Amino acid sequence: RYKNLHSRFNHMITIVIPARNEEKNIAEVIKQVKRAVKEKFELFVIDDASTDNTAKVAKSLGARVIHHKIPQGGVWAKDLRFFKGRFIISLDADMEHDPKYLPRFIKALNSCDLVLGTRDRFSRIAEPILQTLFCLPTSDFFTGFVGFRRKWVPQLVKHECRLWQESFFAIHALGGTVCGVPIRSPPANRPSRFGGAIKSNLKELMFFQRYYRHGRRIKRGLCHR
């Protein structure tokens, strides 16, 4: 029975869409995902404490919904245990990430442990500065368009990794291979969800420090924050 269950999920893909108050966009994103992915897949929407009809719309289109009672900033480690696909790919619900790139992610995940959607333009000045200073194996570690192999789920749960950027630091620290898939950047005049220029860059630096330190602790074998 176990072998049959494993075989059933072995070729399935998990698509995850974190969403907070995205009732205006979530339907179109789900429809585009369904058009783009030709493999068998399961679809999850992470309802990050929305106060609108995001969850209702997602359910009406066949998505499985995981609710957060308080905002978590996206996917939490405990959410990962529900995902059964051999590859897990996350994209935003605000139309920033085009689902047409999903087949490229799936192809890249056949040879890489972690795949990042690399934008052709950075959103904040702090991003290229950090990229240059720390020489990490990607040109865009702040992207929210991310995919990884299911084999990393136990480690991400163990180390309580939150958000997809933190998952990058964890998988890299544990020796995983990292690849990039070029994607189109959102419009330059698109408002930042982090606030104005000064506030958004300060938040970027704060998040980077938190994730980078967590990755270093994981690499040293220290599991606790």
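Which residues does Ile 89 touch, not counting residues up to four places away in sequence? Ile 89 touches Ile 13, Thr 14, Ile 15, Val 16, Leu 102, Phe 105, Ile 106, Leu 109, Phe 145, Val 146 and Gly 147. Contact here means heavy atoms within 4.5 Å.

## Basis of the model

This is a predicted model, in which local features need pLDDT of at least 70 and side-chain atom pairs count only at pLDDT 80 or more, while totals for chains, interfaces and linings use all residues. Residues are numbered from 1 along each chain as its sequence is written, and side-chain values use heavy atoms, with hydrogens and water left out.

## Overall make-up

The protein has eight helices and seven strands. Helices (H or I, at least four residues) and strands (E, at least two) are DSSP runs, numbered from the N terminus. Of the 225 residues, 52% are buried. Buried means under 20% relative accessible area, exposed means over 50%, and partly exposed lies in between (1.4 Å probe, protein chains only).

Among contacts with a separation of 6 or more, 74% join residues 24 or more positions apart.

## The sheet and its helices

Seven strands form an open sheet with mixed pairing, in the order 3-2-1-4-6-5-7. Two strands pair if DSSP finds at least two bridges between them. Strand 3 (64–68) and strand 7 stand at the edges with a single partner strand each, so one side of each has no neighbour in the sheet. On average, neighbouring strands of this sheet are turned by 20 degrees against each other, direction ignored. Strand 5 and strand 6 (residues 146–149) pair in the antiparallel sense over three bridges. Val 115 has Gly 147 in strand 6 as its bridge partner.

Helix 2 packs on the sheet, where it touches strand 1 and strand 2, and its direction makes about 165 degrees with that of strand 1. Helix 4 lies across strand 1, strand 4, strand 5, strand 6 and strand 7, and runs at about 145 degrees to strand 4. For these angles, axes are lines fitted to C-alpha atoms, for helices over the stretch in contact, and angles run from 0 to 180 degrees between N-to-C directions.

## Nonpolar cores

A nonpolar core is a set of buried Ala, Val, Leu, Ile, Met, Phe, Trp, Tyr and Cys residues joined through side-chain atoms within 4.5 Å. The largest has 30 residues, of which Ile 15, Ile 17, Val 45 and Ile 89 touch the most other members. Elements giving two or more residues to this core include strand 1 (13–19), helix 2 (26–36), strand 2 (41–48) and strand 4 (87–90). Helix 4 gives the most, with five residues. A second, separate core of 27 residues includes Phe 44, Leu 114, Ala 170 and Phe 208.

## The disulfide

A disulfide is a pair of cysteine sulfur atoms within 2.5 Å. By this rule there is one disulfide. Cys 112 and Cys 179 form the disulfide, with sulfur atoms 1.6 Å apart. Cys 112 lies in the loop between helix 4 and strand 5 (114–119) and Cys 179 lies in strand 7, so the pair ties together parts that are 67 residues apart in sequence. The torsion about the S-S bond is about -60 degrees, so the disulfide is left-handed.

Cys 112 is buried, with a relative accessible area of 5%, whereas Cys 179 is partly exposed at 24% relative accessibility.

## Thr 54

Thr 54 is in helix 3 and is buried, at 0% relative accessibility. Thr 54 touches Ala 19, Asn 21, Glu 22, Glu 23, Ile 26 and Asp 47, not counting residues up to four places away in sequence.
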